[in-house]
Amino acid sequence: MKNTLRQLFHSGKFVAGFVIFVAILLTVFIYPLVNPGDPLEMIGVGTFARPGTYVSLYDAVRTDTQTLRLSEADDNRIAKALSAEDRVAMVEWFTTMGIDVSDLDIDDTDALLDLWNANYDPSIKPQGMTMAKRNYYKRLNNSLQEIRAADEIILAEPDEESGALVKSDTISKTDYVNVSQVANVKNLPLGTDNFGRDVLKELVSAAGTSIVIGLIAGTVATLIGLSLGLLSGYLGGFADDFIMFVTNVFTVIPSFVLLILISYSIGQEQRGAAVVAVVIGLTSWTWTCRSVRSQVISLRNRDHVNLSKLSGHSMIRIVLTDILPYIASYVVMAFILQVSTGILSEAQLSLLGLGPKTTETATLGLMMNWAMLYSAHTNGSWWAYFPVILTITLISFSLNLMNTGMDQVFNPTLRD
Amino acid sequence: MKGYRKYFGKKIIWFLITFVIAVILNFFLPRLMPADPVAAITGKMASGMTDASAVQEIYKRYEEEFGTNKPMWQQFLLFCKNAIRGDFGTSFSQYPRKVSDIIGSAIGWTIALQLPAIIVGWLLGNILGALAAYLRKGWDKVLMPVSLFMSNVPAFGMAVILLVVFGVNLKWFPIAGGYNFDMIPNLSWNFIKSVISHYQLPFWSIVLVSIGGQAVGMRSMSIYELNADYVKYARFLGIKDSKIVGYVFRNAMLPQITGLALSIGTMIGGALVAEIIFSYPGLGSTMYSAVTAADYPLISATTLIITVMVLLVTFLLDIVYGFIDPRVKAAQFD
Amino acid sequence: MKKILALLLAAMMVVGIFAGCSGSDKPAETKAAAAPAETEAPAVTEAPAAPAESGAVELPRNETLYFAGQQWGTVNSWSPIGTNQNNSMAIAGNSGGYRTLMFETLYMYNFMDGSLVPLLADGDYAWSDDMTQLTLTIKDAAKWSDGTPVTAADVVRTFDIGVQVGNNTGTGFGAYISSIEADGQKVTINAALNDEGAPVNPLKVLDFLTGTPIAQAAWIDTVVDRCGGDTVAILNDAGDDVVWSGPYTKYYSDDQKVVLIRDDNYWGQDASMWGSLPVPKYIAHTIYADNAAGETALKAGEVDVCQQFIGNIQNLWEKDGLPISTYYEEAPYGVCLTMPTAWYNMNIPVLAENPALRKAIAMAVDYDSIIANAMTNQSPSFSDVPRSLMNPTDGEQALYDHAAVADLQWAGNDIEGAKAMLDAAGIVDSDGDGWRDWNGEKISLNAVCPNGWSDWQAAMEIVAAAGEKIGVEITTLYPEWSIYQTVFTSPSQTEYAIFMWSPDAASPSNPWQRVNQMMGKVYVGAENNWSGNWGQYVNDEADALINQIPLTTDSAELKDLYTKLTEIYLTEVPSFSLMYRPSLFHAVNESVWTNFPSGDDGRNIPPADCTDGYGIAALYELELVG
């Protein structure tokens, strides 16, 4: 055993897979300690906040300021409000209005703005201009007015008695605050999802749930597959035929039909993550059963098994001591594959809306499902689905890498 | 020969039993769902009606028409009788279309998408796997982990990524439908071009995932065979390397062919994700919408097709292996 | 790489031929249809209306108006007198008015001002003094596609066959119209009378004018003959030979799209109607698998008019810079006509016996979050438009006395108020487990809507969160649609405690119809109830008021009735609305077409996707870009 383990940890593939898997596991355990709280709390109002650092504007206004005279500040402001395309669009407007723009310098912001203010009227509807374009000019006009706004923003508070606004403070263009001094700063490395949940926090929790789902599904599938495979292979005859028949029935009926029906019959309310995991296990044991059976068939006529039989050992004892140890490594590898299949199945089922019906726990599949329902993939909210795909892939990849490593250790003929 | 006859006879009997049980399950399982598709049809047409008794009258009429007011076993006998003639009844969700009609229009797309994708993925994967096993060293060091990684990207993940990168961002290929939105099916070069370009993303999303798995499998089978005693013996005898390699890969292919046959057998279920994400017409999406709409006749018919295909493939494999693989033969006869 | 591609192509061709062969096992008539395009058999065997030999096989982009969000499956029928049609482009009644592309109604409804614009009818209708008879005349110019004039007899036959076979027209209006008489071009509609000799409901008679497509009497006779008078056969007739009166007709249909083509002989180009033909030659609708696919196509410019909810729609123009716009350029972007509502199930004793509990939950819900999340702010908030029985249009808002019910309205997220209300009602946590109890048992409710209806699911999550804050356990439950619709339409169900459904949006009979759905006794106990009052709420006082409305014409009296009903509704809280919502979404992409209706253009064309009710007027004013 010790020797096997040492061998295993000499296999590069196994170690790589093991490291990735342990890293994911550690994250699942440690991250909630660093960032505690309910992973499903809807902190954002509205959908899909971009990844980044969010600074409370309310607190920032009340934080001590530092004056910084940055030469590029004004340029940055103008660039944000007025892009190169906007400038071209402004010239287009002038042309539509029949204004001579031959001596206008498109990069001269002041000249451009003067001409704009003199000639733009939101109520004009030029012939052939689309509604979308007219609306664009209206928005552009609004943002241009901000460039021309005064150098200071005035903060005012209502007077307690009269209710009139009294100026309390001003914010100038050169006022800066140090982010570390602002009372509330929230870092959302992966933004928020459609419900306004912190995606990173949810992802970590979901990875944990999905691993548990995988383990449950893998255990159920391996236990069923192993026991039926052992029975079928060892007993042969009618028992073999019958077990193979059951296995075939499970193979020929599409498993997702079984999954749906089982989950319907256990009732909607009970369709939690663990139940779905068991259901996945109940439908995915067939190939384990087949492979175990064929392994047992090749073992059952070996000399040591026959010797055991002659010695009058009970069937259970023969199976446990003379057959199981020989296929143990194989069963462990099959189990690992079943775990990764279980994780994938949950994700796939949830994506089709047939996964766990739970709102108390996050699973990778449910995250993917909600992201797709809210068209995250087509509206550019990559943070809502890509990390999920990557996490599933990494978990499954690490398990398979370990499996390949083990394969090479246990099957000397496979060694490079 | 007598052994063979007994072996096949037994096989056939078990397959027949499996088939019968599967047909029964395919019929009854969907009907156990606590849903009432007749109510759905009624609802579709009754929205906005103020007169509640009129709605009930409609309900009764459809219950009568679909025979859902008859006992289950009568419905089953009727189903079997009609199914033999290729009539699977009328769809609930796409009423009044015939189930056979819906399947007829969808199955072509699924086969056209899946069959080439499975074969191409299989061929490319096996070539890469064999190369990896044969060349080893650097090639293998890169290819093996990459293949393994690719094979672990979930099918829907690959589909979504392809859709976002090549469809939404690069706009190289259309992302939905079977042919261009401004066309009507016809036999023109433009139309064929449009079908082909719509074909790309769903096709590659299937191929890319399966290449990895096939390559990993082929690689280990090949290494296994390359290290086998007969290869060492052949080398010892001085047989030409190219000849040995030929034997090795032929032997390594055997389990791979089983895999190919099985994935062809299960291809309808396999098309589900690609078809749904790319809104590609086909049986996968038909089956999915049938399930969500509790459309029993359509569910039973699609699952029956899957059942028959898988059964046929496993049966053929069993027969073929019974003939060609001495190991199976020995195992069966002792 | 080239080799692989070649291989792939070859494989495709082989498969194509294989599919072609399998297709030809079918009966002769489908084979004939498949003949012109053998390799594409799977698609073409489906075509009930293959384009004529001379017809275009590629629809010229600048002659075609593309839609999304209406047609979700292969078209199954072209008969306007059948039932179960899924033919959304040609045969579809919506609360925004009937879709008059192929079949026409007598009047077109305009939900912007509630007006009825004559279509087949000539000028205004007239009521008799006691509202028992409504008369109108048919336009002389109105013609069927076969050239024969549309007559009053066609209206009569359309109604009669409806009553005879029980199609939507018959079941929808049979109880309100006793008969229709024809005299040349003059139509007389006799309202059904109640025991006192008063009309049952004149409002529903008006719904008939805008909601019933008129079919040709001669064609109806053909169908009846062909079906040998069998009711089910008539209802299921595919109507391939149908005669129409509208500006478009079927051109092509398969499981991926449906295309209508303009009828250049359309009678409406007569000066007495539109004076011209609608601009687009083709109306096409690709059948998308889901909302995401339709949305992507809209962004790509493959769709001109999109009837789909698109979250954060402003991003399409603000961030992506696409030429897409909505009816209004600012939130809520469209015209909200209905309010998706959470219904309390009165079969559950704790809900039925505790109005305080019903109101407390409703008060605690954070509607601003629902509107921000589920509707991405495409709905006015409940502080902008305080809750009542009315939709947010000015016309309906003017129907009740806002000041009289102001104390009863709530804008939501009032946790303390809700807690106080529960405490006062004696619904407290008596065993210290953190959850409130009633009759010694923990209150445990579920909040239910169909799986995959993402905006509603988001709303139910927020309702459940509100329950937690006030100590009432609410769990969410999302059954599949097929199950949901079986349960919530059953009058005796106790499985769903709080569940969602939308009441009616807009039609001549609204808001009466909606109020009736909220509290009307007529629906209580009805099996397969798709019509209203899904929570089985009974209030005799409210019911009496509801029954008075259809016969009330005095506007002050009407306002008084509606105000009283609103008072009862807000006190009793048999249900609570979660958001306002358009009945039709209307987003347009101006890559090809422009001059779509908008809120500020003064044309008074409703945002009804250029097809429904008076919304079809937009088709006559479209222009090509550039």
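Q: Switching to helix packing, at what angle do α5(A) and α6(A) pack?
A: Helix α5 (residues 84-96) of chain A packs against helix α6 (residues 109-119) of chain A at an angle of about 45°, and their axes are 11 Å apart. That angle makes α5(A) oblique to α6(A).

Q: Left-handed or right-handed, that crossing of α5(A) and α6(A)?
A: The crossing of these two helices, α5(A) and α6(A), is left-handed.

Q: Which residues make the contact?
A: From α5(A) the contact uses A:Arg87, A:Met90 and A:Phe94, while α6(A) brings A:Leu112, A:Leu115, A:Trp116 and A:Asn119. Sorted by class, the residues of this contact of α5(A) with α6(A) are 5 nonpolar, 1 polar and 1 charged.

Q: OK, now the contact with chain B: how many residues does each chain put in?
A: Chain A contributes 36 residues to the contact and chain B contributes 42 residues.

Q: Which helix gives the most on the chain A side?
A: That is α16(A), which gives 9 residues to the side of chain A that touches chain B. At least two residues of that side come from each of α9 (237-252), α10 (255-265), α14 (315-351) and α16 (386-410) of chain A.

Q: What is the split by class on that side of chain A?
A: The side of chain A that touches chain B has 21 nonpolar residues, 12 polar ones and 3 charged ones.

Q: Before I use any of this, what are the scores for the model?
A: The model has an ipTM of 0.82 and a pTM of 0.82. For chain C the pLDDT averages 85, and 90% of the residues score at least 70.

Q: Where in chain C is the mean pLDDT lowest, element by element?
A: Among the elements of chain C, helix α2 (residues 28-34) of chain C has the lowest mean pLDDT, at 32, whereas strand β15 (residues 341-344) of chain C has the highest, at 96. Over residues 1-54 of chain C the pLDDT is below 50, and this stretch has 74 contacts in the model beyond near neighbours in sequence.

Q: So how should coordinates be read where pLDDT is low?
A: Where pLDDT is low, the predicted coordinates should not be read in detail.

Key. Residues numbered from 1 in each chain as written. Chains lettered and ligands numbered in written order. Predicted model: local features only at pLDDT ≥ 70, side-chain atom pairs only at ≥ 80, totals over all residues. pLDDT = per-residue confidence, 0-100. Helix = DSSP H or I, 4+ residues; strand = E, 2+ residues; numbered from the N terminus. Contact = placed C-beta atoms within 7 Å. Axes fitted to C-alpha atoms, helices over the stretch in contact; angles between N-to-C directions. Parallel < 35°, antiparallel > 145°, perpendicular 65-115°, else oblique. Left-handed = near helix turned anticlockwise from the far one by under 90°. Nonpolar A, V, L, I, M, F, W, Y, C, P; charged D, E, K, R; others polar.
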